[in-house]
Amino acid sequence: MKAWTALRAVPSWAYPALLGVLLLALPFLGAGYGLTRQVELTLIMALIVSGLNLSLGYAGQLAIGQVAMYAAGAYTAAILSKAGTTDLLVHLVAAGLAALVVGILTGIPGLRLGSWSLAMTSFFLVLLVPDVVTILEEHTGGAHGLSGIPAATLFGYQLAPEDFYFCVVAVAILWFAAFRNIVASRHGIAFQVLKQSPVLASSVGMSIFRTKLAGYAIGAIPAGLAGALFANLDLFVSLDAFTFHVATGALAASILGGSVSVYGALIGAGVVEYGTSQSTSFQEYSLVFFGLFLLIGGVLMSGGLAGAARKLVARLDRAAGVTRGDAAEAPTRLGRIAGGTLEVTGVTKAFGGNQALAGAALRAEPGRVTALIGPNGSGKTTLLNLVCGYYRRDAGTITLDGKEIGTAATHRIARLGVARTFQTPLIPPGITVRDVVASGRYAADPASFGGAILRSRRFRRVQRRDRDRAAEALALVGLTHLADTEAVTLPLGMRRLLEVARALVAEPKVLLLDEVASGLDEAEVETLAALIRRIRDAGCTVILVEHNFGLVLSLADEIVVLARGSVLASGTPAEIEADPRVRDEYLGVNDEDDAVPAGKEEGV
Amino acid sequence: MIGRRARWAALAAALLALPACGAAEEAGTAGAAEAPYVIMVSAGSDAGPVTDQLITGVNSVKAGVETVNEAGGINGRQIKLIESPDNANPTKAVSGLRAQLAKEKPDAYIVTAGTQVSSAVAPILNQNKILFMNSANLDETADPKQHPLAFNLAASPRVVVEDYLPVFEAEGYKKIGILHGNSPYAKTFGELAETVFKENGYEVVGNVEYDSAALDMTAQISALRDAAPDVVVFNAYGAPTGYVLKGMTKLGWDVPMLGETSVASTPLVTQEPPDGLLGLPEVKNLKIEVNAATVYDPAAEATNKAVEKMKALGGIKGAMVNVLGYDGVLLIAAGAKSAGSTDAAAIAKALEDPKVNGNAGTAVYGSYPYSADSHEPKLPRGTHTFVPPAPIVNGQMGASK
Amino acid sequence: MTLIYAGLSLGAVYALVAIGYNIVFVASRSFNFAQAQLMMIGAFVAYAGHVTFGLPAVAVIVLAMVVVMVIAAIEERIAVRPVADHQTQLITTLGFGTVLTGLAQLIWGTQPLEVPFIGSKEAITLAGGRVYTFEIGLIVMAVVLVVGIHLYTRRRLNGLAVVAMSQDAEAAVLRGVNVRMLAFSAFAVTGLLAGLMGFFIGPKTFAVATLGSALALKGFVALAIGGFGSFYGGLAGGFTVGLVEEHAARYLGSEFSNLSVFAILLLVLMIRPTGLFGKVQERMV
């Protein structure tokens, strides 16, 4: 175990860096041509697969269009070369751009439409490659292929096949470093949040469409680079390299290696490339072999090799008692929050024939807890969802600090300073408590992809601030000691606190808490109540939707009672407690807790 | 249930075969004192629809190697054959060739199936000064200025097309309809057919392309029928051949059809039912273009010798056009003998001599008329004839089993 | 008219693949990449039944259905059940399909084989168009199958259970539905149908190993146009793809047939993002 501790003390990027150095040194270690060629093909495949990982694993889009972008890159490089521009750098840039354009052009319609559309359009894209290549026959060589491509140069220096090996390795190293930097930034977490729950993503201020498009489009770049490398490797480009078979091979590599991983692409590509190269030695059984390889590989490596490796590392960590990250407790002071006045007037919403809200109104002020109560189906959650922009209201106005927030997109409303928690906590799997909290800051400080890749000064500043704020919020809810735990494994009470922390890091003007106490035991409710009071005292506007009448009475400054979609009564806790109508309508019918799947009819 | 058992048996066999298979199989014997003459051939056992062509092609090369080695090899050097297990995939073929170059430079390379493999390896072979016998129709390997050491073995598409003209004349066909696939060869055929027919005063009323992966040809055939040609000239290999014939029958279109050489390689039209369509209404209007060697002739010694050799190696699938690899090996041997050297350039030079390329003992074509200007055999008109479909056994019609 | 028949019969083939995808998708939310390969095997078994064993037509149908059903059941056991997540199932079913293609090549070779059809082999003239009897058979079968499935899922408890499960596997378990058994039966049923379809498709397309990949793609497109999970959608999608392909090939040229289908797909998705018959769901929080 000591050895393990020592191994873990090395920064995690050191291992891939070591692999890169090893690959660069391979020709000097007496590796034969067969091996270096295998490495080249594997790295080219790995580039395609890493693009797939970005869009499939991280952005959650089942899209296999990478092969089309690969083709775009390869033909771009080949045509450039034929036209006399043989510089590899020019090829790489042009091919990357060409792939990016293909990615954006095909991604926009596919993503706009949502759900399976992108899978289908990208799938079709692969089918169309031969048609497009044939139609552009005079440039692409059509079905004959494009041969006689002059060898690549670099700054005027003629690249021999041996030199080209280093170029392939270098491009792969640079891309994987960039890929790792994207994934290990807030964008990487954002992708995972989005993949798990678009609802959650928009509630922290991400534009679902733009984030998905970014994932898909950036995933196109490595495929384009791979295309440029491939065209210059064999100096021959033909349709054989861009078939559906290749697309499924890349998909298999992505899944076998683990889609939600950086280096899984490398492993998956290695495995599949080895499988295909070996399969030919099975002669007429090669197809059977490749099929069995996918089948058995899929069964054994369910969740991907990278996933298995991660679990192993975590187990060894526990066994060796390795702890990661800073254990220092941050101060639990909560800074001043500038709240905003939220005003809802005459809001109406019907689902089909069901009138969920009929002229509901509400006014919530900074530094006060406004509770929203009412029986099931009285429209509480619907009202919250209207505020957040998940539904479009039929009539009425909602203003924040006097400004109409209209029916803007959810992520825009979030950026105005409206944060929320959910009835069923939405915690994406596979990310740590710390990252869950940090994901709440997505909209707070913008940070570009370019900054993330290059680790710019600004990016690092934003990242440090994200980390500090997350640490503060965690300390506030008392979860600092669990910062590196995988968040979904926490018990319900802690997940609720975690959601509050995530909502808080964005320093919202208005905090919406949706049944935040349900399912908690008494002690947990106490902690939570204390926390909510502190948030209120910091100046935030808190809106609490709650069934626990006792909690509401003890916490709220103002209570609004909803019944059948409109306001039954509003006032201070004392007034509401005394109101006979409230007693009849709400407290009298005290079967709240028996209504089994709480809130099922309202979703989440 | 028999099917399933066989399948599981095959599966078990596949798994058992795992450790038994090596990478590149090395065949042939190197018994002579001198270093063997190394020929590499693009090979494999599963090339999808072109599997039969590939396997037969590689076997033909093996048969050629056997014939030459029995006669003392290439100027005394026994031939060593190296198979590149690339399944006619260009990327794998390049991998295999480059790996072989790093180990041991082959003296010659033969492609028996797969135009794209030829396109991919041709520049590498040219750069490394390796003799290249190419069964595919490729312009650059036919041009000695670009690729001085490469030779095309197949009849040029122009000859294939020109051999239609006597039939048109004899039958009085004036308006021609053309139907072709979208493979590189099929497209070349389609374009060339239109040009050549027009040059010779025939009217091309329709020239329609189909996607070789499509499952139905009704649309294309309807389009052609609307143009009302006297005869339909078509190219197809494998399943599309059947779709074309079925489509014609379905439409009840009673028009003469002249299938190009690739049609003759499709067992579907040269096998009797239940496996094929021979004798059915689908083929009653069909004539197929074959080269002389495809029709059995007891007097054609060289051809019959090659067929006998091939039989021992597993027979010939399709027609004799798939056996060009045999001739490739024999041509190399003849060239080397005449040049008195196994140097690639010397062999190439010798092969341009009609005395050499006409007396190599080749099986498919009696002579391969190469010249200093063209490395594509300038076969005379009349190399191909049109015959009604008949059973083809071991690449030939009319041979006794 | 001839062109319309050709489009419809081709479309029926695609629709039959789409229906196969749908049965499994509805029952278990998995996507069976090997579906088209099952049909290809069905065509080969039909060939073997007719030609190799010389069986009568009824026996051939039964043989094809039983053999493919068993294969599909094996697939469920080895490629689907051991794998929990649907994403990996894409790979394992793809692998299974590849194995089937490989085995078909081993056993039956790579050349197309003529599959006989019961009854008349002649094409007939119907309402001014020429069509083969088996092409009419294909169209009728696709329509009957879809209507049958529709009626079955509406009337029978089992059918309801399938629908319930596709909506919420957990809830289905709570209601006493045996989810595993259901997924298994879904595969077995698609196998059964794939065998039957193979019998009908064979005479049109021949039994050939490349049939699997050709059908897999177009079946998927049919599904995309029609909408996931909808049987009528699969049918409409299949017919649309078939008709568009034939007409584009006839009037624009064959290199435009895929592009035209793609244009139609985009158009459909623009107007109805979930496909022609897909269900629209309001976003839920």
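A: What follows starts at the domain boundary and then moves to the other chains. The model is a predicted one.

Chain A splits into domain 1, residues 31-320, and domain 2, residues 342-602. Their centres, taken over C-alpha atoms, lie 41 Å apart. Contact between them involves 23 residues of domain 1 of chain A and 26 residues of domain 2 of chain A.

Look at the domain 1 side. Four elements of chain A each give two or more residues to it: helix H8 (161-183), helix H9 (186-196), H10 and H11. H9(A) gives the most, with seven residues. By residue class, this side of domain 1 of chain A holds 12 nonpolar, 10 polar and one charged residue.

Now zoom in on one residue. Val204(A) sits in the loop that links helix H10 (198-203) to helix H11 (208-234) of chain A. Is Val204(A) buried or exposed? Val204(A) has 25 other C-beta atoms within 10 Å, so it is buried; the cut-off is 20 or more. Thr410(A) is 206 residues away along the chain, yet the C-alpha atoms of Val204(A) and Thr410(A) are separated by 8.9 Å.

Next, chain B. Its secondary structure comes to 16 helices and 14 strands. The radius of gyration of chain B is 21 Å, close to the 21 Å that the globule rule gives for 401 residues, so chain B is as compact as a globular protein of that length. Along the principal axes, its C-alpha atoms fill a box of roughly 65 × 60 × 40 Å. Of the 401 residues of chain B, 58% count as buried. Among contacts in chain B with a separation of 6 or more, 71% join residues 24 or more positions apart.

Last, chain C. It has 11 helices and two strands. From the N terminus, the order is α-α-α-α-β-β-α-α-α-α-α-α-α. Buried residues make up 64% of the 285 in chain C. Residues 24 or more positions apart account for 75% of the chain C contacts with a separation of 6 or more.

H10(C) is mostly covered, with 17 of its 21 residues buried. Just after H10(C) comes Gly253(C), with a positive phi of about 110°.

Technical notes:
Residues are numbered from 1 along each chain as its sequence is written. Chains are lettered from A and ligands numbered from 1 in the order in which they are written. This is a predicted model: local features need pLDDT of at least 70, side-chain atom pairs count only at pLDDT 80 or more; totals for chains, interfaces and linings use all residues. A residue is buried if 20 or more other C-beta atoms lie within 10 Å of its own, exposed if 12 or fewer, and partly exposed in between; C-beta atoms are placed from the backbone. Two residues are in contact if their C-beta atoms, placed from the backbone, lie within 7 Å. The radius of gyration is taken over C-alpha atoms; the globule rule is 2.2 Å times the number of residues to the power 0.38. Domain bounds come from an automatic or database domain assignment. Ala, Val, Leu, Ile, Met, Phe, Trp, Tyr, Cys and Pro count as nonpolar, Asp, Glu, Lys and Arg as charged, and the others, Gly among them, as polar.
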